[in-house]
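Here is a chain to look at, with some questions about the words used to describe it. Each answer sets a value against a cut-off and draws a conclusion.

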Amino acid sequence: MPEPHLRAADVDREAVARRLDAHLSTGRITVAEYEERSARAWAAKTYGELAELTADLPPEPAGHPVSLAKQPAAAADRPAGQPACGPWAWGGSLRAAWAGWLTTGLIVLTVWLATSLSSGELLPFWPIWVIGPWGAVLLARTLVAAPARRGGPSLRA
């Protein structure tokens, strides 16, 4: 880090916040410590103030995550050549994405049914605006990912 008395920029504060995120996820700091340090990072004016926040934490090895622990298996579940986006962005799978869609669909359908029954009339079917577009995107994603999982060419260019 540059000299401690020099003023830090937003990009410097963001880098420290990301490093704190990584240390929180590996269990090196508690949520309370993370919240306190993160608030101090965004309020820091100099490099010295930022350096204090991570002085007791190990440095990140170049090209490696902060933790030396094994990477999550979800990355291995992602088909070859598939970008880390869509249902894989948060370490999930297509199965988990469909389970989330189904759970949410059941909840909104239950709410719609309960409100329709309590009002004594059939209300407009608003759950379609929740489950319809989401289901269409998941279906398209599933169809695109299916050939890649079998090792064949996908619909992607």
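The questions below concern a predicted model.

Q: How many helices and strands does the chain have?
A: The chain has six helices and zero strands. Along the sequence, the pattern reads α-α-α-α-α-α.

Q: What share of the chain counts as buried?
A: Of its 157 residues, 29% count as buried. Buried here means a relative accessible area under 20%.

Q: Why is Ser38 called buried?
A: Ser38 has a relative accessible area of 12%. The cut-off for buried is under 20%, so Ser38 counts as buried. Ser38 is found in helix H2, and its C-alpha atom is separated by 9.0 Å from that of Arg13, 25 residues apart along the chain.

Q: Is Ala44 buried or exposed, and how do you know?
A: The relative accessible area of Ala44 is 3%. Buried means under 20%, so Ala44 is buried. Ala44 lies in the loop between H2 and H3. Leaving out residues up to four places away in sequence, Ala44 touches Arg13, Glu49 and Leu50. The C-alpha atoms of Ala44 and Arg7 are separated by 8.7 Å, and these two are 37 residues apart along the chain.

Q: What makes Gly132 count as partly exposed?
A: Gly132 has 28% relative accessibility. Partly exposed is the range between the buried limit of 20% and the exposed limit of 50%, so Gly132 counts as partly exposed. Gly132 is found in helix H6, residues 128-150. Gly132 and Trp101 are 31 residues apart in sequence, and 9.9 Å apart in space from C-alpha to C-alpha.

Q: Which residues form the largest nonpolar core?
A: The largest nonpolar core has eleven residues: Ala8, Val16, Leu20, Ile29, Tyr34, Ala41, Ala44, Tyr47, Leu50, Leu53 and Leu57. At least two residues of this core come from each of helix H1 (10-26), helix H2 (31-43) and helix H3 (47-54). H3 gives the largest share, three residues.

Q: What describes two packed helices?
A: They are described by the angle between their axes and the distance between the axes.

Q: Why are H1 and H2 called roughly antiparallel?
A: H1 and H2 pack at an angle of about 175°, with their axes 9 Å apart. Angles over 145 degrees count as roughly antiparallel, so H1 and H2 are roughly antiparallel to each other. In this contact Asp10, Arg13, Glu14, Val16, Ala17, Leu20, Asp21 and Leu24 of H1 meet Val31, Tyr34, Arg37, Ser38, Ala41 and Trp42 of H2. By class, the contact of H1 with H2 has eight nonpolar, one polar and five charged residues.

Q: Are H2 and H3 roughly parallel or roughly antiparallel, and how do you know?
A: The axes of H2 and H3 cross at roughly 165° and come within 9 Å. The cut-off for roughly antiparallel is over 145 degrees, so H2 and H3 are roughly antiparallel to each other. Their crossing is left-handed. Arg37, Arg40, Ala41 and Ala43 in H2 meet Glu49, Leu50, Glu52 and Leu53 in H3. The residues of the contact of H2 with H3 divide into four nonpolar, no polar and four charged.

Q: What makes H1 and H3 roughly parallel?
A: The axes of H1 and H3 cross at roughly 5° and come within 10 Å. Angles under 35 degrees count as roughly parallel, so H1 and H3 are roughly parallel to each other. The contact is made by Asp12, Arg13, Val16, Arg19 and Leu20 of H1 with Tyr47, Leu50, Leu53 and Thr54 of H3. The residues of the contact of H1 with H3 divide into five nonpolar, one polar and three charged.

Q: Which residues of H3 are buried, and what covers them?
A: The buried residues of H3 are Tyr47, Gly48, Leu50, Leu53 and Thr54. What covers them includes H1 and H2.

Terms used:
Residues are numbered from 1 along each chain as its sequence is written. This is a predicted model: local features need pLDDT of at least 70, side-chain atom pairs count only at pLDDT 80 or more; totals for chains, interfaces and linings use all residues. Side-chain values use heavy atoms; hydrogens and water are left out. A nonpolar core is a set of buried Ala, Val, Leu, Ile, Met, Phe, Trp, Tyr and Cys residues joined through side-chain atoms within 4.5 Å. Buried means under 20% relative accessible area, exposed over 50%, partly exposed in between (1.4 Å probe, protein chains only). Helices (H or I, at least four residues) and strands (E, at least two) are DSSP runs, numbered from the N terminus. Axes are lines fitted to C-alpha atoms, for helices over the stretch in contact, and angles run from 0 to 180 degrees between N-to-C directions. Angles under 35 degrees count as roughly parallel, over 145 as roughly antiparallel, 65 to 115 as roughly perpendicular and the rest as oblique. A crossing is left-handed if the near helix is turned anticlockwise from the far one by less than a right angle, and right-handed if clockwise. Contact means heavy atoms within 4.5 Å. Ala, Val, Leu, Ile, Met, Phe, Trp, Tyr, Cys and Pro count as nonpolar, Asp, Glu, Lys and Arg as charged, and the others, Gly among them, as polar.
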